[in-house]
Amino acid sequence: MPVLDIRNLTVSIDAKDGASVVRDISITIEPGETVCLVGESGSGKSVSSLATMGLLPKGALKVTKGEILLDGEDMLTLSPAQLRDRRATRMSMIFQEPMTALNPVIKVGEQIAEVLEAHTKLSNAESHAKVMDILGQVGLPDIERIAKSYPHQLSGGQRQRIMIAMALILEPRLLIADEPTTALDVTTQLQILRLIKELQEKHGTAVLFITHDMGVVAEIADRVYVMNRGDMVESGKVMDILAAPKMDYTRRLLSSVPSLVPRPARPAASAKIALQVVELNKVYGGGGFLSKSAGTHAAKAVNFDLKAGRTLGIVGESGSGKSTVARCVMRLIDPSSGGIRVGGQEIADLTPRGLHPFRKRLQMVFQDPYRSLNPRLSIEESIIEGPMNYGMPRAEAVAKADELLELVGMPAGSAKRYPHMFSGGQRQRIAIARALAMEPELLVADEAVSALDVSVQAQVLDLLAEIQERTQIAILFITHDLRVAAQICDEVAVMKRGEVVEYGLTADVLGAPQHDYTKSLLAAAPGRDWDFPNFRPVAA
Amino acid sequence: MAEKTMRGAFPLSTRAIFAKIGIAPLLAALVLTLIILAAVFAPFVAPHDPIYQNPIMRLKPPSADYLLGTDNYGRDLLSRVIWGARVSLVIGIGVTILAVVLGLAIGLVSGFFRVADAIIMRIMDGLMAMPSVLLAIAIVSLMGASIWTVMAAITIPEIPRVVRLVRSIVLSAREEPYVEAAISMGTSLPRVLWRHLMPNTFAPLTVQATYVCASAILTEAILSFLGAGVSTETPTWGNIMAEARIYFRLKPELIFWPGLALSMCILSINLLGDWARDVLDPRMGKREA
């Protein structure tokens with residue numbers, strides 16, 4: 001008998017004639033099986049899992065049809081008290097962001113013990129032993145110290161391990177994992193995926209794993225369900241789905257996943273150097289009159305140069321200093337020492353006034369398209385702000401904005417509308433149009449596609465490549481995603497703790513890495529053995 | 001959120017409006033409107049001259065001619081309370097405008113420029129360390145009492161609260177990517193402040209303004225009551241209560257009526273402020289009982 005059997009589930013907005021957000025989906029999970037539920041944002045994958053846990057937001061969404069059987073018991077007919085009991089003892093859930101899921105003012109050991117207290121009658125000593133046991137099982141070092149730590153004293157990976165410990169301490173039959181590794185670095189992600197797999201084998205837990213990342217799917221799934229806009233598109237064994245998807249949607253989804261195999265560098269179109277960074281250093285904090293701390297060396301002697309019409313990627317995990325370098329180049333922060341030359345002119349030590357003429361030549365596209373446009377200004381106002389700062393008459397700037405919006409593929413008549421009326425991908429297009437309005441020589445893209453769904457990501461990357469082709473703009477592309485870097489960059493620099501550890505042509509660095517760190521990054525990339533766009537394993 | 005309320009606002013029946021806004025803010029708006037109308041049209045509404053002394057009519061009980069009775073100089077209490085609303089409202093509104101405008105300007109500068117911030121916030125800390133009434137009394141006694149000095153004296157202690165609010169909003173908003181985008185597009189700093197940062201402060205400032213207004217009216221009454229406010233010839237709620245203090249055992253209503261007007265006025269403003277906060281801040285608004 002399956003552990004979880006969702007039959008014909010329909011979830012609708014809780015209102016008269018409320019539209020349905022999930023329609024007639026069925027999912028089964030056998031004991032000890034890992035089932036991946038994949039889909040892009042708005043596909044209803046999280047809603048389905050929340051419905052299973054009985055955690056749909058009250059007054060917003062409700063189950064209108066179907067049944068959710070956990071070991072044969074229909075969750076939808078249970079009272080809130082019964083459901084609360086099942087949630088701890090029979091099924092549990094881990095979330096994307098462990099920092100917000102943990103209480104910041106209670107020690108993590110106590111938070112785990114609280115679960116035991118609420119659902120078992122163990123003595124203090126037994127409960128303590130059990131907490132220590134599970135902490136050991138999730139692979140945490142020095143468990144006595146960790147148990148006495150507060151969440152902020154732990155790293156992201158450690159916090160996610162704590163969440164897993166908390167979820168598994170009562171040995172539930174079903175574990176629902178909602179994007180549990182999305183906020184983590186690739187190397188940590190790999191460890192967490194392995195941990196979930198290992199614990200699952202040990203305890204025979206059924207796992208419902210929700211993700212948007214096809215690499216993760218290839219890594220851990222036994223079976224896959226693909227959802228799109230509230231409908232179940234396709235389901236089957238993981239290899240069947242990856243190798244021979246039957247539905248168009250699945251096929252398109254897989255084709256959008258950038259390949260890890262680097263594309264060859266384009267021939268250099270011009271010898272003109274757009275950006276040259278020499279011995280760049282940035283130290284945060286420290287050195288203050290009263291402070292004894294040494295400060296954080298976020299960028300150490302960083303060197304690279306970038307020719308017109310080429311794309312240089314800076315890759316690395318969080319805290320590697322890649323964003324610091326980007327922000328120094330943009331002079332949004334002041335470098336501690338070193339040189340930044342734009343078209344041969346040194347800008348690292350210019351005053352804000354002296355910098356004004358150069359601002360025009362460097363533009364940036366930010367990570368979060370929901371925050372990079374002022375919500376109170378119309379698209380047009382946002383775009384013409386820059387050109388008008390440099391003396392372009394309003395009418396001319398408006399005409400230019402219209403032209404650019406068309407160039408980035410926005411529908412006619414978007415100019416007078418406001419950012420909240422657009423999707424994430426459209427907003428990122430608008431942000432690119434805004435940057436291009438300045439006719440810059442260098443575009444700095446800081447994780448510019450990381451917040452986007454994979455199909456939208458592919459479109460935005462195509463757009464950037466097309467614009468580069470046309471305008472010979474140089475692009476400095478900051479990303480944590482090796483797949484994206486492999487497909488868009490001519491050269492890459494790999495950063496670790498503020499230092500560039502490897503720098504060269506993408507084909508060399510990602511194709512035949514020399515440095516251990518680059519190797520470990522590549523080894524940790526989920527789904528590295530599978531060539532998604534071609535529906536086959538990577539040719540060795 | 002705002003969109004929803006806008007769309008829903010027009011086809012509502014009277015009952016639906018009551019259900020949507022709630023009875024308390026509507027009553028508050030009604031009371032406040034009455035007080036404002038009475039203050040604006042005081043010369044026509046008040047049945048008597050508020051400062052005309054009639055020794056024969058001293059301390060009379062309520063009658064048809066003197067609805068609330070008379071005070072120790074034979075002046076009509078009702079007329080004095082109505083005229084008193086003028087001073088209270090002028091002070092309340094004046095202080096609010098001054099405190100918000102000055103606080104907004106100082107807060108924007110403080111939130112955006114680190115060097116200025118260190119200096120400004122220390123001054124604000126110093127101001128906040130002094131009890132506002134004490135500070136106001138000190139300022140009035142230095143400059144002499146008039147409606148203008150009283151207004152200034154009440155404004156100065158109110159400014160730090162506005163500055164802190166604006167500064168905290170600017171501190172978080174300046175980290176927004178759209179602000180950085182504006183900087184990298186070469187927008188000048190004053191313009192970044194004006195166009196990208198200041199609009200973020202409007203909603204919280206509206207709420208804060210109501211509290212400043214209520215607090216200013218109360219402080220003015222305290223100053224008058226203590227004899228440090230507007231001169232005793234002008235009828236204000238605080239002055240009326242101060243004069244009536246010695247007759248409290250004999251005629252407690254002399255204190256009761258201006259006191260009632262004062263507390264109703266402040267309660268109404270605070271209720272409207274709470275309502276504005278619920279409407280303007282979606283996070284608070286969603287918290288239903």
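A patch is built from residues with over 30% relative accessible area and no salt bridge, like charges being joined within 9 Å and nonpolar side chains (Val, Leu, Ile, Met, Phe, Trp, Tyr) within 5 Å. Accessible areas follow the Shrake-Rupley method with a 1.4 Å probe, and for residues only the protein chains shown count as cover. The model is predicted: local features need pLDDT of at least 70 and side-chain atom pairs pLDDT 80 or more, while totals for chains, interfaces and linings use all residues. Residues are numbered from 1 along each chain as its sequence is written, chains are lettered from A and ligands numbered from 1 in the order written, and side-chain values use heavy atoms, without hydrogens and water.

**Surface patch**

On the surface, Ile36(B), Leu37(B), Val40(B), Phe41(B), Phe44(B) and Val45(B) make up a nonpolar patch with about 570 Å² of accessible area together. Helices H3 (23–40) and H4 (42–45) of chain B each supply at least two of its residues; helices (H or I, at least four residues) and strands (E, at least two) are DSSP runs numbered from the N terminus. H3(B) gives the largest share, three residues.

**Helices of chain A**

Seven of the nine residues of helix H1 (residues 45–53) of chain A are buried, so this helix is largely enclosed by the rest of the structure. Buried means under 20% relative accessible area, exposed over 50%, and partly exposed in between (1.4 Å probe, protein chains only). Just after H1(A), Gly54(A) has a positive phi of about 70 degrees.

**Salt bridges**

A salt bridge places a side-chain nitrogen of Lys or Arg within 4 Å of a carboxyl oxygen of Asp or Glu. By this rule there are 43 salt bridges over all chains. Three of them are listed here.

| Pair | Closest N and O atoms |
|---|---|
| Asp24(A) and Lys65(A) | 3.9 Å |
| Arg266(A) and Asp490(A) | 2.7 Å |
| Glu385(A) and Arg195(B) | 3.3 Å |

Asp24(A) lies in strand S2 (residues 20–29) of chain A and Lys65(A) in strand S4 (residues 61–70) of chain A, so their pair ties together parts 41 residues apart in sequence.
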